Amino acid sequence: MNKLLVFFSLFLVASMCFVTIPNTAQADSQLDVLIKITQNTKEHLKNDIDKLSNVSQEVYGFFDDGAKETAMLIQAAEKEDASSAKQHFISAMIAFKQASLAISESESQKTPQAATYDHSQTIMKYENNIKKLKLISGKLNADIDFEQID
Amino acid sequence: MNLQQKVAQKHQSPGGEMLLVRNTDILSTMVRIPIVVIGLVLVALSAPIQQSFGSSRTLDFTIYPDGSTHVFYELDVDPLELEITVELFGETIENITITDEDGFLLSNEINHNLAVIETFGASHISIDYDTQDLVSKTGKIWAFVIDAPVQYSLLTPKDSVIIEMSNFPLSMQVENEQSHLTLPPGQANISYYISTLASAQSIQPIQEDSTTDNSLILYFGGIAAVAIIAAIIIIKRKSSRVEPSITIQKDEQPKPQSLDPEEIFKAKQDLREDDKEIINFISANGGQAYESELRKKFLQPRTTMWRAVKRLERQGIVEVEKKDEQNIVKLTSKLEDPDE
């Protein structure tokens, strides 16, 4: 009986310790998330710049700054220096934002480009609203005919 | 108090002046393992409950490519309260539905960014609405600005490229080319643009964040580790209980060899059959055995075995020694003459 109790006590103590572990794991992965965001931004901007003709030196300058800060962010993350990594993340994002704004300005000066959005998401929003209405209608036994919308 | 007195009396020295109380007695008397276990159970149970109270609110934002934002807000309310006032995000509120935990609509009144909701009887409410006020646009750059009271999730539009983030995300997942971020409470300014090239270009997608999987692995790994540790402890305890008989055998080696059972049976022809079996067992066990071992072997009650041992002791066949509060029954090295 005592063995069982000892075993059970050990299990409880261990389970209490493990309650705190996910937070630590999350803190570690936060740096990975920052790297992913900056790398994704860098890749997209690079593609945008490559596709454009007559890109100003200013844009290249901002992009290079962002790329350098991204590299330093990765180095800081490898050293597990969270505060330095966060600082490089902010710097990289500022540089990338400035590059994006510069590209946006030069684009608008040349030809006002019509925005080509993916409307499927907006349609999905309306679909979700209709689904919600159907659920509420069902709950209230309102007997509303949704056939026309469908 | 009575228990302590009993323990003290039990170990009183013959002189009656000193009180000798063993540590093990103190522990077994004062520290009640079941009470400790119950305490641990309560503490263990309270940890997830505390966590659930801390995360009783859910706040999700879904940004659409047209700049509108869908807000999903879940919160616990006091069922005895007639109504509550909830601050909404944005002032232009569209398509709002407020339901209780059973999915029934709750009456509400919206005044700018405040919703007065009749919540009597409801313990959990869900608020769904759309707003255009959380996202603004400058050139091709969109900016999402929020001051959230709790941790929240944010689903960005498809092909969006984040170029500014004033708050550090806790986690990130990519679903269907949409970034799903978890952000801490507080002021946040997130800027992005919709990459028109993104769909045409095969940009390496961001790998899904494996934070959740890691925590699960850690959790189950922890359980396995505890089970292994407990198993090792139990095995060690078992082996340590076997050790005394081994050490006794080692101690016995330099001592004179015990009598052969046949010699005893020849000399003591009137021995009972059950006593002969005891002698045989002790002899086979290296010439000595704990009285408890004999009880277990012959399935005899304590008093019956004690009488048998006393009988053999009187005949000079065995001698009894005390060790660790247990009786060790040893075969004598030389049979005593009963006439002496």
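# Chain B, in questions

Me: In chain B, what share of contacts between residues at least 6 apart in sequence join residues at least 24 apart?
Reply: 62% of them do. Contact means heavy atoms within 4.5 Å.

Me: What kind of model is this?
Reply: This is a predicted model, where local features need pLDDT of at least 70, side-chain atom pairs count only at pLDDT 80 or more, and totals for chains, interfaces and linings use all residues. Residues are numbered from 1 along each chain as its sequence is written, chains are lettered from A and ligands numbered from 1 in the order in which they are written, and side-chain values use heavy atoms, with hydrogens and water left out.

Me: How many helices and strands does chain B have?
Reply: Eight helices and 17 strands. Helices (H or I, at least four residues) and strands (E, at least two) are DSSP runs, numbered from the N terminus.

Me: And how much of chain B is buried?
Reply: Buried residues are 40% of its 340 residues. Buried means under 20% relative accessible area, exposed over 50%, and partly exposed in between, with a 1.4 Å probe and protein chains only.

Me: On to the open sheet. What is its strand order?
Reply: In chain B the seven strands run β4-β7-β2-β1-β10-β13-β12, with mixed pairing. Two strands pair if DSSP finds at least two bridges between them.

Me: How do β10 and β13 of chain B pair?
Reply: In the antiparallel sense, over four bridges. β10 covers residues 152-155 and β13 covers 178-183. B:Tyr152 stands opposite B:Leu183 in β13(B).

Me: Now helices α6 and α8 of chain B. At what angle do their axes cross?
Reply: Roughly 80°, and the axes come within 11 Å. α6 is residues 273-284 and α8 is 302-314. So α6(B) and α8(B) are roughly perpendicular to each other. Angles of 65 to 115 degrees count as that; under 35 is roughly parallel, over 145 roughly antiparallel, the rest oblique.

Me: Which residues make that contact?
Reply: From α6(B), B:Asp274, B:Asp275, B:Ile278 and B:Ile279. From α8(B), B:Met305, B:Ala308, B:Arg311 and B:Leu312.

Me: Loops next. Where is B:Leu134?
Reply: B:Leu134 is in the loop between β7 and β8 (135-138) of chain B. At 7% relative accessibility, B:Leu134 counts as buried. B:Phe61 is 73 residues away in sequence, yet the C-alpha atoms are 9.8 Å apart.

Me: Is B:His112 buried or exposed?
Reply: Exposed, because its relative accessibility is 53%. B:His112 is in the loop between β5 (108-111) and β6 (114-118) of chain B. Phi of B:His112 is near 55°, a positive value in a residue other than glycine.

Notes:
Axes fitted to C-alpha atoms, helices over the stretch in contact; angles between N-to-C directions.
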